[in-house]
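Here are a few exercises to work through with the model open beside you. Try each task before you read its solution.

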There are 4 protein chains.
Amino acid sequence: MHNAILLISCSDKKGITAKVSNFIYSNGGNIEHADQHIDAESNTFFMRIEWALKDFSIEKDMIAEKFKVLASEFSMNWDLCFSDEVPRLALFVSKYVHCLYDLLLRHKAGQLKCEIPLIISNHPGTKSIADNFSIKFIEFPIDADNKFVQEQKEINLLKKENIDLLILARYTQVLSANFVNQFPNRIINIHHSFLPAFIGKNPYQQAYRKGVKIIGATSHYVTEELDAGPIIEQDTVRVSHRDSLSDLVRKGEDLEKAVLNRAIRWHLEKKILTYNNKTVVFD
Amino acid sequence: MHNAILLISCSDKKGITAKVSNFIYSNGGNIEHADQHIDAESNTFFMRIEWALKDFSIEKDMIAEKFKVLASEFSMNWDLCFSDEVPRLALFVSKYVHCLYDLLLRHKAGQLKCEIPLIISNHPGTKSIADNFSIKFIEFPIDADNKFVQEQKEINLLKKENIDLLILARYTQVLSANFVNQFPNRIINIHHSFLPAFIGKNPYQQAYRKGVKIIGATSHYVTEELDAGPIIEQDTVRVSHRDSLSDLVRKGEDLEKAVLNRAIRWHLEKKILTYNNKTVVFD
Amino acid sequence: MHNAILLISCSDKKGITAKVSNFIYSNGGNIEHADQHIDAESNTFFMRIEWALKDFSIEKDMIAEKFKVLASEFSMNWDLCFSDEVPRLALFVSKYVHCLYDLLLRHKAGQLKCEIPLIISNHPGTKSIADNFSIKFIEFPIDADNKFVQEQKEINLLKKENIDLLILARYTQVLSANFVNQFPNRIINIHHSFLPAFIGKNPYQQAYRKGVKIIGATSHYVTEELDAGPIIEQDTVRVSHRDSLSDLVRKGEDLEKAVLNRAIRWHLEKKILTYNNKTVVFD
Amino acid sequence: MHNAILLISCSDKKGITAKVSNFIYSNGGNIEHADQHIDAESNTFFMRIEWALKDFSIEKDMIAEKFKVLASEFSMNWDLCFSDEVPRLALFVSKYVHCLYDLLLRHKAGQLKCEIPLIISNHPGTKSIADNFSIKFIEFPIDADNKFVQEQKEINLLKKENIDLLILARYTQVLSANFVNQFPNRIINIHHSFLPAFIGKNPYQQAYRKGVKIIGATSHYVTEELDAGPIIEQDTVRVSHRDSLSDLVRKGEDLEKAVLNRAIRWHLEKKILTYNNKTVVFD
């Protein structure tokens, strides 16, 4: 038997925790995890609550229906998921392979609870890796002229393949607003800098020129504005004058792998809520 | 108006979250923070729940009485506190002043919600600092012969002064089991190593001899066994062959200040529960 | 007896290390520390070399004269210092006291080898702290109208007091280009963000709005361009959605203290060279 | 053209730096890197000096012969290497694959300048990975009875294959003193704890039971005494009560990969000297 997970956000009012937990308890559910947070500035209440479906008296496919009443009482934004759902991921890559390998090996080791049926690239170079892991690889070469058409084909493919989450694993093409808006909070990017420093192209080179003593990596949901979506996770590592640009790249790539992996893990575990272009991560 | 805080631990069963949050809601309280954790190994449920007393229908001094019924239904270990309670701390020091100054300045800056009416030392050297901050300073010189008698006097003084929490801010005397047992989970020590490495005397020298590449500091509740009580917080910092023993001391002292401060802060905010010689910290 | 320290930068050529170390050895000096670095991009050679003056055959005040020959052979930028020189610091502060206290206490503990004869502020509030540490405190209230005049008075005072290094310990006034240019590489600022992110005003608020998961602090030499001088040191600390703006400030202030302290220490130990608006730190 | 690298340690005396750099300069070499360190306690001098062989007047295979005179003047321990030498590594593994994959992928990406011609295991499970990377895989099942014989076979194989460095990439067999002594400072192990805490078996379980708030990993040269050889590199990561034992393992494995990789990299770049069961790492 598996668990149900509710992600909730709404204006804070008395009784939310009591009524939600009572909804679960009175129907025979055992709460295994519960986290909540109130953003004092905006008076917004956030909750993640997970309970065992064993002995739960409401059928799985009726839970949403029954919960609706409570949800509308508090005007909740809410999302109901189940721990036995296995999201389907598409990885978008270009020429860099470090994040790709890292994700595929973690997936193989059972660390990421998802399926990875599809790798999309604007370059042919990583096809052999996809083959090695028996994953479908589709190349969509993109230039200024064909961008709209190619993106439309990608969207069709992603829908046909029932993809739940898109991972930009150092994908070098900027997605159009039209594309992004098809997948709100469902595209995760890794940017190779400590955002908002060094937005855009060649962040390692920017960092090297600036002479920073620490470099970073940032994973965020993709929105229309480049490198400006809600930040999910960041990490940093120390560098010095002894580090050449290629040392920065090498150290940074290790950060990228770690940060992207954590962001994806939290998304898969339904631990992330977004608001005001920021995230609540119940890790 | 202030908040009430409940710290709860008990065997996990269905309904705890629901009934506790309902107890608060049905009496008109607004839950501001709620954290829970289940230790899967021992099937232990832990909770910290905080609610506004504004509009709460139970008088402050009757809450414990009313909550008892629910507590006994689940055989809870529980503790009820109020955010307007200001714990009284006694600082135990010897010759080192860095933690002492750090705590006194943070207290002065309003970072630590407590009173510090008393500094106890086995050396006279820090009296001038106590004077400077207008805090009572009592010296209890201790040797093998007078230890029992002096500790008894200290205990009497601490009780007379209504001290809630004892901080060993690099206090060099080992407290006797008899002393420790008077203040269970109410004595916080800072040990200048990454425990359980380098227990006991001269941990920086031990670390230096060993040639470690990272040193640490550990804050823990004091139990009968030396440097072995439940760990509250730890942190580490990188060292190299270029660091002399005195560099280790200097870097380590900064860690000690940071780690001890966080441990005290969490204790004062009632964020720590202990079990199996470990801690749950709802930070 | 004390040590001599040479800081050297020049175009890289064969023989620099050999000739410099031979200059020292052939005159009876024992080299205690030697670090060098070549910036491959610009083909620049950097060196810090320190030797014992015990048994050194050249009189202390003749060393520069004798070294000149070698220096001009390689067109060196060079600086000769002595370990018994005690630089004189002026601390510039406004209302925040955490960095001020931190520096004064470290100085008192013998961690910073310098004199601190002067505190300058645009507010009267920290005078009592200065008094407490027996340091001269001069207030220069500054507004748009009197800025030029007040800065001129400050410059005169700093010269009269033979100040070697200016520390902006959360000083809120922006110094004019005219002022800055009087003290090249001799003004160290602490900025409360991970530069180049969040330049200018209210960086903690900017970070909070942006929803970053890590905040930072940066110490740098002050140049004409605001918050853009050569970075000496940076550090970062993790934050989460649970951290309010005031939590960011509290955590950040601890970073500021640590980062500013390291930058000053390295400057005092003559471990920093600058080039291309970057630093080499031989730590 | 390539570089020559000298690693030197000896009692500190006047003139070492001057004479060594003069040896290089007077023969036409350009020094590209030079690091030195004096251990004040034991008065030991350490140096790593690297110079371009382009225009160097001594034939490569005569350098050692010529340097001997200087070396014996100062009773140096010394080692001469060349940047075009490509060390040959043997990886020892058991069932865990994370370090193995990490090293093979970094090697493939050109991050580790070595050959990896051989993988030795006491289990058959990783043969397919070795095959995938076209590396010879030899299984040596080991039990109490056959240990001496099997180790002897391993030693013969390692000599026959001209292996320069042995990497224990989570190899679960303890090597005998006899084996270890064949490869002094040429066996690098990764231990999955912050040594000297949690020596021996199941360090993650030990850490979990102890309730530490930070876990670590340590890479060290293997000596006769278990987990007690000179530490090359360590790193740590934060854990909390929310982390199960398997979370500790997952987080720890990422540390192991990073720490082992850095240790190997520094060894391959001839940046490590050992003394008093400690290391000097000129990173």
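**Exercise 1. A strand pair in chain B**

Which residue in E8(B) does B:Leu91 stand opposite?

Solution. Before we start, note that this is a predicted model, in which local features need pLDDT of at least 70 and side-chain atom pairs count only at pLDDT 80 or more, while totals for chains, interfaces and linings use all residues. Residues are numbered from 1 along each chain as its sequence is written, and chains are lettered from A and ligands numbered from 1 in the order in which they are written.

Step 1. Find strand E5 (residues 88–93) and strand E8 (residues 165–168) of chain B, which pair in the parallel sense over 4 bridges. Strands (E, at least two residues) and helices (H or I, at least four) are DSSP runs numbered from the N terminus, and two strands pair if DSSP finds at least two bridges between them.

Step 2. Look across from B:Leu91: the residue opposite in E8(B) is B:Ile167.

**Exercise 2. Two helices from two chains**

Describe how H1(A) packs on H1(B).

Solution. Step 1. Helix H1 (residues 16–26) of chain A and helix H1 (residues 16–26) of chain B pack at an angle of about 145°, their axes 8 Å apart.

Step 1. H1(A) passes H1(B) in a left-handed crossing, meaning that the near helix is turned anticlockwise from the far one by less than a right angle.

Step 2. Among the residues making the contact are A:Ser21 and A:Tyr25 of H1(A) and B:Ser21 and B:Tyr25 of H1(B). Here contact means C-beta atoms, placed from the backbone, within 7 Å.

Step 3. Sorted by class, this contact has 6 nonpolar, 6 polar and no charged residues. Ala, Val, Leu, Ile, Met, Phe, Trp, Tyr, Cys and Pro count as nonpolar, Asp, Glu, Lys and Arg as charged, and the others, Gly among them, as polar.

**Exercise 3. Chain C against chain A**

Solution. Step 1. A turn of 180° with a shift of 0.0 Å along the axis does this, at an RMSD of 0.0 Å, with copies superposed by least squares on the C-alpha atoms of residues with pLDDT of at least 70 in both. The two copies are therefore related as by a two-fold rotation axis.

Step 1. In chain C, the C-alpha of C:Ala197 is nearest the axis, 2.3 Å from it.

Step 2. Count the contact: 24 residues of chain C meet 24 residues of chain A. Strand E11 (231–238) and strand E13 (278–281) of chain C each supply at least two residues of the side that touches chain A.

Step 3. By class, that side of chain C has 10 nonpolar, 9 polar and 5 charged residues.

Key: Axes are lines fitted to C-alpha atoms, for helices over the stretch in contact, and angles run from 0 to 180 degrees between N-to-C directions. Two residues are in contact if their C-beta atoms, placed from the backbone, lie within 7 Å.
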